[in-house]
Amino acid sequence: MKWALGVDDIVKLLDDPLVEGACGEPLSGLADLRLAVAGDISFLAAQKFKKFLPECRASLVLVPRSEEGQPREGQAWIRVEDPSLAFGRICAWVEALLLPRPSPGVHPTAIIETGATVSPSAHIGPYCVISAGAVIAEEVVLESHVRVQRGAQIGATSELFHGVTVGWGCVVGQRCRLHPGVVVGSDGFGYHSSASGHQRLPQVGTVVIEDEVEIGANTTIDRGRFAATRIGRGTKIDNLVHIGHNVTVGRHCILCAATGIAGSTELGDFVVCAGQVGIAGHLKIGDRVTASGQTGITRDVPSGTVLSGTPARPRMEELRRLALLGKLPELLQRMEDLEKNYANR
């Protein structure tokens with residue numbers, strides 16, 4: 001689907017914009033500074049990309065308020081506080097145009113069991129199954145093949161994309177987005193091991209996902225053994241993340257792809273885990289902790305710590321350790337030379 005915006009349209013989407021220059025053609029594309037052509041909208045968010053600005057061919061560029069220089073002929077700049085955020089608002093307008101929310105209604109192939117409650121303003125897509133006792137609130141969107149098991153609740157205006165499963169008794173808050181293949185409320189991994197084998201421990205708790213949480217494709221969140229696994233308000237979870245039973249994730253955390261959190265661990269607010277971070281069970285991770293990629297956390301972490309490595313260490317300590325490891329071949333050669341010199345004396 002084609003779309004077009006004028007500079008005046010974009011100004012209405014932004015906070016306190018300052019326009020410089022002018023462009024004649026309608027704006028109908030989005031591109032980075034290096035690839036943009038006439039008719040595109042681009043933005044400068046990081047100084048490392050500033051070198052591409054003078055030659056940028058975009059018709060409109062969003063720049064920081066303090067950016068030096070001026071637009072080239074036939075180009076407009078809009079000065080804003082945060083170009084990346086402003087560009088995101090434009091992208092949201094384009095997304096809403098290209099992917100409008102579907103109309104309310106229930107597809108004829110969907111199965112809604114007796115005793116389920118579905119708002120008339122909700123959209124229930126093809127082959128969805130909503131079990132008895134489930135509650136689907138106002139303006140919820142369930143795309144195709146979504147399964148909402150008995151007693152589960154989906155909050156107002158939340159969107160569940162293709163193939164999402166919400167287990168029995170679990171709660172998804174308002175304005176949440178669950179991407180394809182998400183499983184909420186799978187069994188926690190609980191067994192009693194003995195000489196005779198591994199006896200399954202029933203997992204009869206639940207999962208509570210608070211408002212404005214986004215969960216990436218094929219992420220799994222286990223139900224608690226007898227209490228709740230909880231995801232705090234505003235947290236954003238990437239694809240292929242696993243969250244174990246009875247974990248508590250605080251508000252506004254970021255969990256990047258392939259992160260794994262073992263059972264009963266507690267994360268504070270604004271925690272950031274980069275890709276492939278592993279966190280052992282029964283730990284307490286303080287507020288605003290940041291773990292870089294592939295960090296392995298095996299003990300409690302105080303608030304505000306920045307971690308790297310496995311086992312995790314404060315980041316600067318880990319960088320010094322890695323620098324020393326890089327010198328080991330040189331140090332070994334020097335040691336061998338010293339031994340030879342000593343033996344020849």
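This briefing covers the sheet, the helices, the nonpolar cores and some local backbone and side-chain features of the structure above. The model is a predicted one. Twelve strands form an open sheet with mixed pairing. The largest nonpolar core has 51 residues, and another core, of 17 residues, lies apart from it.

**The twelve-strand sheet**

- The strand order is β6-β9-β12-β15-β18-β23-β26-β29-β32-β35-β37-β38.
- The edges are taken by β6 (105-106) and β38 (313-314); each has a single partner strand, so one side of each is left without a neighbour in the sheet.
- Within this order, β23 (residues 214-215) and β26 (residues 236-237) pair in the parallel sense, over two bridges.
- In that pair, Ile 215 stands opposite Ile 237 of β26.

**The largest nonpolar core**

- Leu 142, Ile 209 and Ile 243 are the residues with the most contacts inside the core of 51 residues.
- Beyond its neighbours within four places in sequence, Ile 243 touches a set of residues that includes Thr 220, Ile 221, Asp 222, Thr 229 and Ile 231.
- The contacts of Ile 243 also include Ile 237, Val 249, Leu 255 and Ile 261.
- Ile 237, one of these contacts, is the residue of β26 that stands opposite Ile 215.
- In soluble globular proteins, nonpolar side chains tend to be buried together.

- The core of 17 residues has among its members Ile 41, Leu 60, Ala 76 and Ile 78.
- Strands β3 and β4 run parallel and are joined by three bridges, with Ile 41 opposite Leu 60 of β4.
- Strands β4 and β5 also run parallel, joined by five bridges; here Pro 64 stands opposite Val 80 of β5.
- Five of the five residues of β4 are buried, so this strand is largely enclosed by the rest of the structure.

**Helix α2**

- Helix α2 (residues 83-98) has 16 residues and reaches 22 Å from its first C-alpha to its last, close to the 22 Å expected at 1.5 Å a residue.
- Its buried residues are Pro 83, Ala 86, Phe 87, Ile 90 and Val 94.
- Seen down the axis of α2, these buried residues fall within an arc of 100 degrees, so they line one face of the helix.
- An α-helix has 3.6 residues a turn, so residues three or four places apart point the same way.
- The cover over the buried residues of α2 includes α1 (7-13), β2 (29-30), β3 (40-43), β4 (60-64) and β5 (76-80).
- At the start of α2, a side-chain oxygen of Asp 82 comes within 3.2 Å of the backbone nitrogen of Ser 84.

- Glu 318 belongs to helix α3 (residues 315-326) and, at 5% relative accessibility, counts as buried.
- Its side chain makes a polar contact of 3.3 Å with the side chain of Arg 313.
- Apart from neighbours within four places in sequence, Glu 318 is in contact with Ser 308, Gly 309 and Arg 313.
- A cis peptide bond joins Thr 310 and Pro 311, with omega about -5 degrees; Pro 311 is found in the loop between β37 (306-308) and β38.

**Positive phi values**

- Most residues other than glycine have a negative phi, and most peptide bonds are trans.
- His 145, in the loop between β12 (141-142) and β13 (147-148), has a positive phi near 60 degrees.
- His 145 is partly exposed, with a relative accessible area of 42%.
- Gln 276, in the loop between β32 (272-273) and β33 (278-279), has a positive phi of about 60 degrees.
- At 44% relative accessibility, Gln 276 counts as partly exposed.

**Asp 187**

- Asp 187 lies in the loop between β19 (183-186) and β20 (191-194) and is partly exposed, with a relative accessible area of 37%.
- The side chains of Asp 187 and Arg 200 are joined by a polar contact of 2.8 Å.
- Leaving out neighbours within four places in sequence, Asp 187 is in contact with Arg 200, Gln 203, Asp 222 and Arg 223.
- Asp 222 is also one of the contacts of Ile 243.
- Asp 187 and Glu 139 are 48 residues apart in sequence and 29 Å apart in space, C-alpha to C-alpha.

Notes: Residues are numbered from 1 along each chain as its sequence is written. This is a predicted model: local features need pLDDT of at least 70, side-chain atom pairs count only at pLDDT 80 or more; totals for chains, interfaces and linings use all residues. Side-chain values use heavy atoms; hydrogens and water are left out. Helices (H or I, at least four residues) and strands (E, at least two) are DSSP runs, numbered from the N terminus. The expected span of a helix is 1.5 Å times one less than its number of residues. Buried means under 20% relative accessible area, exposed over 50%, partly exposed in between (1.4 Å probe, protein chains only). The arc is that of the directions from the helix axis to the C-beta atoms. Contact means heavy atoms within 4.5 Å. A polar contact is a pair of N or O atoms within 3.5 Å; within protein, one must be able to donate a hydrogen and the other to accept it, and residues adjacent in sequence count only if both atoms are side-chain atoms. Two strands pair if DSSP finds at least two bridges between them. A nonpolar core is a set of buried Ala, Val, Leu, Ile, Met, Phe, Trp, Tyr and Cys residues joined through side-chain atoms within 4.5 Å.
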